[in-house]
Amino acid sequence: AYQFANQSRLGIKIAHISNAYIANEDPGEDDVLLTYALPLSFGDHS
């Protein structure tokens, strides 16, 4: 993830899931996850 100056973050995750050919067919699955996170403040933390 990349952290911006305002502490928010933008990230990406790419993954492949497979059955490791334990069956005749192994179609697999590709996943892509895009995230954006905003920092939250809930009052004074001093």
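A contact here means that heavy atoms lie within 4.5 Å of each other. By that criterion, among contacts in the protein chain between residues at least 6 apart in sequence, 30% join residues at least 24 apart. The structure is a predicted model, in which local features need pLDDT of at least 70 and side-chain atom pairs count only at pLDDT 80 or more, whereas totals for chains, interfaces and linings use all residues. Residues are numbered from 1 along each chain as its sequence is written, and side-chain values use heavy atoms, with hydrogens and water left out.

**Overall architecture**

- The protein chain holds zero helices and three strands, where helices (H or I, at least four residues) and strands (E, at least two) are DSSP runs numbered from the N terminus.
- Read from the N terminus, the order of elements is β-β-β, and the C-alpha trace spans about 60 × 20 × 10 Å along its principal axes.
- Of the 46 residues in the protein chain, 7% count as buried; buried means under 20% relative accessible area, exposed means over 50%, and partly exposed lies in between (1.4 Å probe, protein chains only).
- The accessible surface of the protein chain comes to about 4400 Å², and 58% of this area belongs to carbon and sulfur atoms, with areas taken from the Shrake-Rupley method with a 1.4 Å probe and, for residues, with only the protein chains shown counting as cover.

**The sheet and its pairings**

- Three strands form an open sheet in the order β1-β2-β3, with antiparallel pairing, and β1 and β3 are the edge strands, each of which pairs on one side only; two strands are said to pair if DSSP finds at least two bridges between them.
- The antiparallel strands β2 and β3 are joined by nine bridges; within this pairing, Ala15 stands opposite Asp31 in β3, and His16 stands opposite Asp30 in β3.
- Two bridges join β1 to β2, which also run antiparallel, and the partner of Gln3 in β2 is Arg9.

**The β1-β2 hairpin**

- The hairpin of β1 and β2 has five residues between the strands, and within it Gln7 takes a positive phi near 75 degrees.
- Gln7 is found in the loop between β1 and β2 and is partly exposed, since its relative accessible area is 46%.

**The nonpolar surface patch**

- Tyr2, Phe4, Leu10, Ile12, Ile14, Val32, Leu34, Tyr36 and Leu38 make a nonpolar surface patch of about 1000 Å².
- Patches are made of residues with over 30% relative accessible area and no salt bridge, with like charges joined within 9 Å and nonpolar side chains (Val, Leu, Ile, Met, Phe, Trp, Tyr) joined within 5 Å; a salt bridge is a side-chain nitrogen of Lys or Arg within 4 Å of a carboxyl oxygen of Asp or Glu.
- Strands β2 (9-17) and β3 (29-37) each supply at least two residues of this patch.
- Phe4 is found in the loop between β1 (2-3) and β2, and Phe4 counts as partly exposed because its relative accessibility is 31%.
- Ile12 lies in strand β2 and is classed as exposed because its relative accessible area is 58%.
- Not counting residues up to four places away in sequence, Ile12 touches Val32, Leu33 and Leu34.
- Ile12 and Tyr36 are 24 residues apart in sequence, and their C-alpha atoms are 9.0 Å apart in space.
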